[in-house]
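Visitor: I am new here and would like a tour. Could you show me the structure and take my questions?

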Amino acid sequence: MECGLTRKEADVYLALLELGPTGAQEIGKRADVNRTTTYLCLEMLKRRGLVSHFDEAKKLCFSAESPERL
């Protein structure tokens, strides 16, 4: 199935699904993607409605939306 994500976007999204709500640093480590690219991928995923973000204890955290949205 083609979902229109780049390989790195898919890696970041899958890492976020595995980790649950967390910060970009942990997502990047799990996805094996550098910090800058992680933020770019997260932004693209937010635009597609696949990721949301929130503040938790002064830390920006990200959460994956359901894969059914793909």
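Guide: Welcome! Helices (H or I, at least four residues) and strands (E, at least two) are DSSP runs, numbered from the N terminus, and two strands pair if DSSP finds at least two bridges between them. This is a predicted model, where local features need pLDDT of at least 70, side-chain atom pairs count only at pLDDT 80 or more, and totals for chains, interfaces and linings use all residues. Residues are numbered from 1 along each chain as its sequence is written, and side-chain values use heavy atoms, with hydrogens and water left out.

Visitor: In the hairpin of β1 and β2, which residue takes a positive phi?
Guide: Strand β1 covers residues 51-56 and strand β2 covers residues 59-64; the two run antiparallel, joined by six bridges. The hairpin has two residues between its strands. The one with a positive phi, near 50°, is A57.

Visitor: Which residue in β2 is the bridge partner of D55?
Guide: Look along β2, the strand of residues 59-64 that is bridged to β1. There, D55 has as its bridge partner L60.

Visitor: Is S63 buried or exposed?
Guide: S63 is found in strand β2. Counting contact as heavy atoms within 4.5 Å, and leaving aside neighbours within four places in sequence, S63 touches L16, P21, L50, V51, S52 and F54. Its relative accessible area is 16%, so S63 is buried.

Visitor: How many Å apart in space are L19 and S63, C-alpha to C-alpha?
Guide: L19 is found in helix α1, and it counts as partly exposed because its relative accessibility is 30%. Beyond its neighbours within four places in sequence, L19 is in contact with E26, I27 and R30. L19 and S63 lie 44 residues apart in sequence, while their C-alpha distance is 9.0 Å.

Visitor: What is the N to O distance in the salt bridge of D11 and R7?
Guide: A salt bridge is a side-chain nitrogen of Lys or Arg within 4 Å of a carboxyl oxygen of Asp or Glu, and the whole structure has five. D11 and R7 are four residues apart in helix α1, so about one helical turn separates them. R7 counts as exposed, at 65% relative accessibility. Between the side chains of D11 and R7, the N to O distance is 3.5 Å.

Visitor: With which residue does K29 form a salt bridge?
Guide: K29 counts as exposed, at 55% relative accessibility. The closest N and O atoms are 3.8 Å apart, and the partner is E26.

Visitor: Which residues are linked with E43 in a network of salt bridges?
Guide: E43 is partly exposed, with a relative accessible area of 32%. The residues linked with E43 in the network are K46 and R47.

Key: Buried means under 20% relative accessible area, exposed over 50%, partly exposed in between (1.4 Å probe, protein chains only).
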